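I opened this notebook to look up how charged side chains pair. The model comes first, then my entries.

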Amino acid sequence: APPVPPSARARFTVPILDGRPSLTWDVSEPGPKYRLYRRTKDKPETPETKLNPPRNTTSYLDDAIPVGATYIYQVSAVNAVGEGPRSAEFM
């Protein structure tokens, strides 16, 4: 079978650190790189933001958002073939 992008069926942990989410995820098929997507909960019409955590990491401190704001996130795994499907949404 030809190589395929990894799936990102993820389980998230989102503790709040200094008022901002510190995201950690476990994935069923690891990839060398992950991509996070963030959008506001209160304004769904606002364009989403694509975040690029460092390679080979499954955590990200989202310190670019206002303290106390609520956002919705998704993660995808990326390998040499491409980006796999996104995970379920989480807050």
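Entry one. I looked up Asp62 and found it buried, and Arg38 is buried as well; buried means under 20% relative accessible area, exposed over 50%, and partly exposed in between, with a 1.4 Å probe and protein chains only. This is a predicted model, in which local features need pLDDT of at least 70 and side-chain atom pairs count only at pLDDT 80 or more, while totals for chains, interfaces and linings use all residues. Residues are numbered from 1 along each chain as its sequence is written, and side-chain values use heavy atoms, with hydrogens and water left out.

Entry two. I found a salt bridge between Asp62 and Arg38, 2.7 Å from N to O; the term needs a side-chain nitrogen of Lys or Arg within 4 Å of a carboxyl oxygen of Asp or Glu. Asp62 lies in the loop between strand S6 (59-61) and S7, and Arg38 in strand S4, 24 residues apart; strands (E, at least two residues) are DSSP runs numbered from the N terminus.

Entry three. How many salt bridges are there by this rule? I noted four. Among them, Glu83 pairs with Arg35, with the closest N and O atoms 2.8 Å apart. Glu83 is partly exposed at 31%, whereas Arg35 is buried at 16%.

Arg39 is in strand S4 and Glu89 in the segment after S7, 50 residues apart.

Terms used: Helix = DSSP H or I, 4+ residues; strand = E, 2+ residues; numbered from the N terminus.
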